[in-house]
Amino acid sequence: MLFSSYVFIFAFLPLAVLCFYLLNRHSRTAALVGLVAFSLFYYGYWNWRYVPLLVGSILVNFWLGRQIQQRRAAGKTPRLLLAGGIAGNLALLAYYKYAMFVAGLFGAAPSLGVIVLPLAISFFTFQQIAYLVDSWHGNVTRDGLLPYAVFVTFFPHLIAGPILHHREMMPQFSSEDGRRLRLEDLSVGLTLFFIGLAKKVVIADQMALHATPAFSAAAAGQVDFYTAWVGVLAYTFQIYFDFSGYSDMAVGAARMLGIRLPANFFSPYRARNIIEFWRRWHMTLSRLLRNYLYIPLGGNRKGPGRRHLNLMITMLLGGLWHGAGWTFVVWGALHGLYLVINHGWQGLRRRMGWERESRAGAALATLITFLAVVIAWVFFRAQDLPTALRMLEAMAGLRGISLPARMPPLPWFLALLAVVWFAPNSYQITRAYDPVLMPERFRTEPAPLARPALAWRPTPAWAFALAAIVVSALIAMLSDRMEFLYYQF
Amino acid sequence: MREHRRFLAWFALFLGLLGLVPALNYALVWQAGELLPLGPLVRLQHETRAIYGTGLHDNRREHRIEIVRQRQPEVIALGSSTALDMRQEYFTRPFACACQAMDSIDDGEVFVEAMLRAARPKVVLFALDFWWFTTRRPQIREPLRTDGAVQMTRRKLLRPTDWLWEGTLSSGDYLRLLAGARDLGGATRHPKVGVMAIKRDLGIRADGSEMSGIRLTPAAFDFYAKARAEIGEAPAFVLRNPGTRFGPDNALVPERLAALRRVLDRLEAAGAKTVLLLPPVAPPLVRAMAASGRHGYLRQLDRQLVALGVEYYNFQDPATLGAADLCEFADYNHSGNTMHMRMLQAVLQRNPASALAPYVDRARIAAGIRRFAGRTVASFDDEALAGEVDYLGAGCRRGTN
């Protein structure tokens, strides 16, 4: 059941919100049980056979967490339990997600048959590994199984994130606050949900109509300069509006239930360097990789050489997290390389005293960062490495340069560039109502084109705008719908 | 809190206002049965004799495949819309008209594959359009849809508003359809599914043939205005535009004849005997093409089809069927029910050992030809509630059914 489906919008979501508040009147526990039931139904709607896998994973990890917490409290260091827990989770992920890839490397893939990737396995596995690690570090409050089960299964985030952290979520689920429906939550939640829906179905799905044929042409070896640039720029916008739209919908749906999720995107294409890009793009994954991979590897504490190695390892594994394929490995490696160069450049600037930045310099930095990200998307989207290389050849003009007399997507691209570079994002628009949990530095960051009129308020004008967005999105949904890009991660 | 309550109330109000038109349009097409999946739709057609005339979907081929799947006919008529008037009533064994299902021989190749997956007919009556084999007509090869042939799209949702705007539907008709009206034309006894059937009595019967009830109503004068003008200026129409189906100085494309050969081989391999025919075109056009002296490619095509070595009949000139009457045509290339009966009769007269011989109801078509001569709509079982009008302005006295 996609967020952008009529059954979700008109049946599942209203019913879930209604039942949650009705049960909440009776008791918080009943409401949480209801939420778990709705979430498991939501998960099982795709393929009920994987519900036991999800439930089993929750029970085992909760038990392991408890054991680790109890042994620590008894003054023991349960390394073996932690290692076993992490290994078990990774083994499950490896079987479902990477077995075919690894077997393929040794020419044995066909003997494995077809392994269907359970929905959201990457998300709930990483989330629970973080819980085990924090249990070991003693950073976990001893909440019960029910809040833990809601934390893992909570349907707004279950399928494609944001990746939640138990410390920011479990207190919200356990809290007795918010037992009654707050109309502010409903109006802010509806606004964010439908802004996200419009991003997905009005913009991202339209961009896919340009991106898909271009990458298919590249796969067939027939891509030219113009087609390649149209395809990759379209994909650049598609993936942003698709994934950030999904995140907005998740945030909106959660807010209707009185829950604040962490921000996952904060105008990433506005970043002036790659380090900043990763603070704004898929923020909850970046946080997870930083806290549970990069820092344990040593982070920047063991000198520049080791830092660069750690960055490369983190980004390579981050690439593999997105998918089992060489294109994802190269994408991760490319971003690792970008980060190494970026850190090197920043070090050089500090040493040379070049730290002041002019407006022109900032604009150039934004443009260079954007182009670097665009080039990396080629690998992320291409079905294989030869296709990606053909796309890059064509983009570089190595397959000839010619432009058609008319370029219909160009005005759209310019308009979308203006939006991603200058317009306030969903969370800036609704800032007055504290829409998401987000790092302090973003709370006050202004958008270049932020105007009081663009700030969301519960006014008739915004009610009209939202209604127009809803109607446009619902009509746009009638075209051939596409799945969210992050659905299978 | 009060401001949020007001916001939600405003939002609900605006949503209702802005969503009203799409919601009404959706309700209208739903009421008209346009959103019925093809499986249940064809079952309903078989149970109630309903005709299906959609105003929204281009699902002709998928609909005919579903008819074939559910009827499991022994005889199938294949072709474009030029064979649409071939009906179950002319046959003694289960029959289906899988017509209006191809616009080219390449298209036909795709369709035949799908058809053979749905049923195994004993005889296929394959009506060929001669322009499928000429250089100036584009070849189309569309795959059959797998995404649900009655899928709603944005354009379809807004179509009822277009109909209102263009005057295709009056506001009264719009409201009546919205209220669930199932018959706005009143020309036939058939129950109707789809806006086209409900409004114009124009739709496909359960056997796949077309019920052209509009020809029984005064609306036919407007509906056939273009056809009337084209037939009225037949010599100019034939010669004026080389790109038309009837244009002069055309040539045959060997690859398309090779595609036909492949289709015939595929049918034979599936155990079906094939009878090929070239359907008739309106007499004024036949005369104009003959007079032009620039349509020699038609004779070449005839020779090529003979050379295929399968049972084949050239009925392009309706005079060969013993009736050069424009009144048995609906337009320049669509003959009616009666002319289709004449074709079957001619096949059996020329070749008593035809593959069709065991299946054709000779007595019924002979009676039908007598009863419905000079008409395009043959009303078996008194399905027509009115007489056919003279929509071509040819002085036809078609009378009541």
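**View 1. How the bonded cysteines of chain B pair up.** Count the bonded cysteines of chain B in sequence order and the pairing reads 1-2, 3-4. A disulfide here is a pair of cysteine sulfur atoms within 2.5 Å, and the structure holds two of them over all chains. Keep in mind that this is a predicted model, where local features need pLDDT of at least 70, side-chain atom pairs count only at pLDDT 80 or more, and totals for chains, interfaces and linings use all residues; side-chain values use heavy atoms, with hydrogens and water left out. Residues are numbered from 1 along each chain as its sequence is written, while chains are lettered from A and ligands numbered from 1 in the order in which they are written.

**View 2. The disulfide of B:Cys97 and B:Cys99.** B:Cys97 is joined to B:Cys99, with an S to S distance of 2.5 Å. The torsion about this S-S bond is about -115°, so the disulfide is left-handed. B:Cys97 is buried at 1% relative accessibility (buried means under 20% relative accessible area, exposed over 50%, partly exposed in between, with a 1.4 Å probe and protein chains only). B:Cys99 is buried too, at 0%.

**View 3. The disulfide of B:Cys327 and B:Cys396.** The sulfur atoms of B:Cys327 and B:Cys396 sit 1.8 Å apart. This pair links distant parts of the chain, 69 residues apart: B:Cys327 lies in the loop between β9 (311-314) and α15 (337-350) of chain B, and B:Cys396 in the segment after α16 (362-372) of chain B. (Helices, H or I with at least four residues, and strands, E with at least two, are DSSP runs numbered from the N terminus.) With a torsion of about -90° about the S-S bond, this disulfide is left-handed. B:Cys327 counts as buried at 9% relative accessibility, and B:Cys396 does at 8%.

**View 4. Where chain B meets chain A.** The contact (heavy atoms within 4.5 Å) takes 19 residues from chain B and 26 residues from chain A. About 2,100 Å² is buried between the two chains, and carbon and sulfur atoms give 80% of that; buried area is the accessible area (1.4 Å probe) that two parts lose on being put together, summed over both. In chain B, B:His4, B:Phe7 and B:Arg154 lose the most area to chain A, together 34% of what that side buries.
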